[in-house]
Every structure is written in structure tokens, then in C-alpha cells.
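Biologist: Please show me the model, and then I will ask about a few of its residues.

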Amino acid sequence: MKIINLSETNSILNQYVSEIRNVEVQNDRLRFRRNIERIGEVMAYEMSKAFAYSVKEIQTPLGIAPVSTPDNQLVISTILRAGLPFHQGFLSYFDYAENAFVSAYRKYKDTLKFDIHIEYIASPRIDGKTLIITDPMLATGGSMELSYQAMLTKGHPSEIHVASIIASQRAVDHIASILPEDKTTIWCAAIDPEINEHSYIVPGLGDAGDLAFGEKE
């Protein structure tokens, strides 16, 4: 299994990550959502390099031009709600991708303990396709695991790409242990060392959903 930490390379991606982390910047919701979207765009570009390509002959006004373009049938699956601007970033680059949406939420037993529940899934068939599962924050990996299991009710993909902006090392290790090793790549804009007693990533950035769309009851 490949685990790609994009923060280990110098690119403009790091500027967008710095702004969504920065307490003096992140409370501008419009800017926060746009930065999340831009991170999705950059990550989509990097991910596209791993796809299968073949040369097609394109008719121009003056002749035929050979162009190498990707052959993958893509399904972009996003965990609601914080994932929506991240999803849009991928969709801006992957014009012809199909789309899937999964609703996962924490049901708290008390202030520290919770279960994760899936209450909604809308997806095309994914048999033989390239499945991209996006979630801006991977704290424990529990939501990603359940979302992946939910997607398997729609078929079995030929390859899987897990995309996250900020993940904890614990979540990366967990996802790596449960998804098929031979066909999974994990992409992160940054990997943080730990989570706290409330299962928030440290240093992280806070609650991505609330920062993007406002607080919920």
C-alpha cells in the first residue's frame, strides 16, 4: 500500500493547508471553503499521475494530434458534510467522474465516547472502477472504514484512492490495516502525530464542518 504525504514536498498546497490551520484566517468561511476546494484540486492533479493512460488521436482543424489521456472510470465518494468543498475540488479536475455521497455521524454516549453511524448512501455501481474516497479529516479512521464498507454494497472497485487533507498517524495506520493492500493508495496533505481525548487531531485545525458551514446543534 502506498501512503503519500504531500506535505513532505514543496508545493503551493502547503500554503492552503497553512491557511485552513491558522486561527487568524480560518474563521473566514468563504476563504476556508475555497482553500479546502483548492487543496482538492491540487491533490486531484497529483493523483492523476497514477492513473492508466493511452494515446488517442484527436482531430484538430489542421490534422490529427496524438494525446495521452487517462482511461480510468472514476467514482468520487465523499463523506458529508465537511467533504463537500473538498469533493468539488476533485470534480473540477475530473470532469467525467461519477459521484457518490455517504452520510456518517458520531453518536455520542457521553462527552468522550461515541459510535459512528452511516445513515445515507447514494452511489452508482463501482465494479471495476477507480474509487476515490474523500474526507478532509481522518481522526480515528472509523468514518472512512464504515464509508468504505457502505460503498462495497455498490460493487468492488479495481483500485482505491483515499484522500484526506489532515490525518492522524493512528487513522492512517488503521486505514492501511483494513483496506486492500494491493490496490489502495492513501493521499494526505499532512499527517499529524496524535489525537486528543475527544478524538480531535492535534495540532489539526478544529472542526472542518463547522468552519466550512457554521456550527450545528
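The questions below concern a predicted model.

Biologist: Which kind of aromatic pair do Phe51 and Phe94 form?

Modeller: Planes under 30 degrees apart count as stacked and over 60 as edge-to-face, with the rest tilted. The ring centres of Phe51 and Phe94 are 5.5 Å apart, and 50 degrees separate the planes. The pair is therefore neither stacked nor edge-to-face, but tilted.

Biologist: How many residues apart are Phe51 and Phe94?

Modeller: Phe51 is in the loop between helix H2 (29-48) and strand E2 (53-60). Phe94 is in the loop between helix H3 (83-93) and strand E5 (98-108). The pair links distant parts of the chain, and the separation is 43 residues.

Biologist: Is Lys183 buried, partly exposed or exposed?

Modeller: Lys183 is in the loop between helix H5 (169-178) and strand E10 (184-192). Buried means under 20% relative accessible area, and exposed means over 50%. Lys183 has 26% relative accessibility, so it counts as partly exposed.

Biologist: Which residue's backbone oxygen does the side chain of Lys183 reach?

Modeller: Beyond its neighbours within four places in sequence, Lys183 is in contact with Pro157, Ser158, Glu159 and Ile160. The side chain of Lys183 comes to 2.8 Å from a backbone oxygen, that of Pro157.

Technical notes:
Residues are numbered from 1 along each chain as its sequence is written. This is a predicted model: local features need pLDDT of at least 70, side-chain atom pairs count only at pLDDT 80 or more; totals for chains, interfaces and linings use all residues. Side-chain values use heavy atoms; hydrogens and water are left out. Rings of Phe, Tyr and Trp (its six-membered ring) pair if their centres lie within 6.5 Å; planes under 30 degrees apart count as stacked, over 60 as edge-to-face and the rest as tilted. Helices (H or I, at least four residues) and strands (E, at least two) are DSSP runs, numbered from the N terminus. Buried means under 20% relative accessible area, exposed over 50%, partly exposed in between (1.4 Å probe, protein chains only). Contact means heavy atoms within 4.5 Å. A polar contact is a pair of N or O atoms within 3.5 Å; within protein, one must be able to donate a hydrogen and the other to accept it, and residues adjacent in sequence count only if both atoms are side-chain atoms.
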